[in-house]
Amino acid sequence: MSSSVGGGGGGGAALAGGDVAGLLDKAKELDQLRKEQDDVATEINKIHKKIISSPEMVDKSVDAMMARLRGFYVQARELSESEVSASSALVGLLDGLLQSGVSAAPRKKIEISEQKKKRMKSDTDTTRFSSASMRSQLDQAANLKGEQVAARVKSDDEKDEWFVVKVIHFDKETKEFEVLDEEPGDDEESAQKFERKYKLPMSYIIPFPKKGDPSSAQDFGQGRQVLAVYPGTTALYRATVASQRKRKSDDYNLLFDDDEEDGNLPERAVPFYRVVALPEGHRQ
């Protein structure tokens with residue numbers, strides 16, 4: 001991959017390189033926002049079609065569906081506002097490049113080295129962890145040993161599968177987790193039979209909030225889409241926050257996708273420490 005930008009003297013070239021890097025980052029952010037908008041629009045259209053095709057739905061079912069629809073529209077509005085912000089930032093960066101005379105200067109081809117490509121991939125793999133230095137992120141990952149986390153253990157062209165797993169080991173060199181899927185059995189023998197181990201990159205792992213420290217958890221408002229453990233299982237599914245919580249230690253009331261009962265979408269209580277942010281591009 002290469003990019004062509006203008007280059008003048010030493011100071012000008014450094015400035016242009018920094019501006020171009022920021023430009024590329026914002027362009028990627030804008031592209032991701034548009035993809036998320038497309039996903040939300042698809043979900044909205046599904047609900048619209050369902051309402052049109054099933055006009056005989058009972059009031060309770062309609063209320064639940066309207067709550068989901070409202071949540072999607074709130075998310076669409078937030079994404080639209082973020083798109084405006086990202087577009088404005090791009091305009092500002094381009095204005096800066098034009099004013100510095102970059103476009104008129106001699107062209108210089110900047111090649112991204114193999115080492116930089118690896119570093120870019122590593123940055124992507126660590127986005128699930130708090131913003132800190134690489135060493136700090138690796139230390140955070142290593143400290144998860146023995147903890148339960150959310151893990152994407154299977155993925156295909158149609159959907160991702162997320163489960164609660166236990167971290168056995170983290171390799172700082174390969175940046176890979178070794179995890180154990182502790183699927184419960186009826187007795188010790190069957191439990192041993194169903195245990196499965198996986199080696200997964202950092203981008204496939206999401207740490208759960210600390211059970212005893214609600215302040216460490218994100219606060220997801222009404223209408224926000226999340227990834228949450230379905231009650232009575234070790235599987236995580238996409239859900240919409242049905243109502244605003246009063247305290248960060250309170251359970252979330254969630255509406256899980258495709259969880260209809262008698263044409264109704266029930267609210268299900270899930271502890272805050274079993275709810276995480278919905279990964280970008282999640283497929284279900």
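The model is predicted, so local features need pLDDT of at least 70 and side-chain atom pairs count only at pLDDT 80 or more, while totals for chains, interfaces and linings use all residues. Residues are numbered from 1 along each chain as its sequence is written, and side-chain values use heavy atoms, with hydrogens and water left out.

Let us start with β9, which spans 235–241. Strands here are DSSP runs of E with at least two residues, numbered from the N terminus. Six of the seven residues of β9 are buried, where buried means under 20% relative accessible area, taken with a 1.4 Å probe on protein chains only.

Now look at the partners of β9. Two strands pair if DSSP finds at least two bridges between them. β8 (residues 225–229) runs antiparallel to β9 and is joined to it by five bridges; within this pairing, Ala228 has Tyr237 as its bridge partner. The β8 and β9 hairpin has five residues between its strands, and Gly232 there takes a positive phi near 80°. β4 is also antiparallel to β9, with two bridges, and Phe163 is the bridge partner of Ala235. β10 pairs with β9 in the antiparallel sense too, over three bridges, and Ala239 stands opposite Phe256 of β10.

β3 (148–155), β4 (160–171) and β6 (196–201) each supply at least two lining residues. By class, the lining has five charged, three nonpolar and one polar residue.

Asp250 is buried, with a relative accessible area of 18%. Its side chain makes a polar contact of 3.0 Å with that of Arg247, a polar contact being a donor and acceptor pair of N or O atoms within 3.5 Å. Beyond its neighbours within four places in sequence, Asp250 is in contact (heavy atoms within 4.5 Å) with Arg245 and Phe272.

Terms used:
Helices (H or I, at least four residues) and strands (E, at least two) are DSSP runs, numbered from the N terminus. Buried means under 20% relative accessible area, exposed over 50%, partly exposed in between (1.4 Å probe, protein chains only). Ala, Val, Leu, Ile, Met, Phe, Trp, Tyr, Cys and Pro count as nonpolar, Asp, Glu, Lys and Arg as charged, and the others, Gly among them, as polar.
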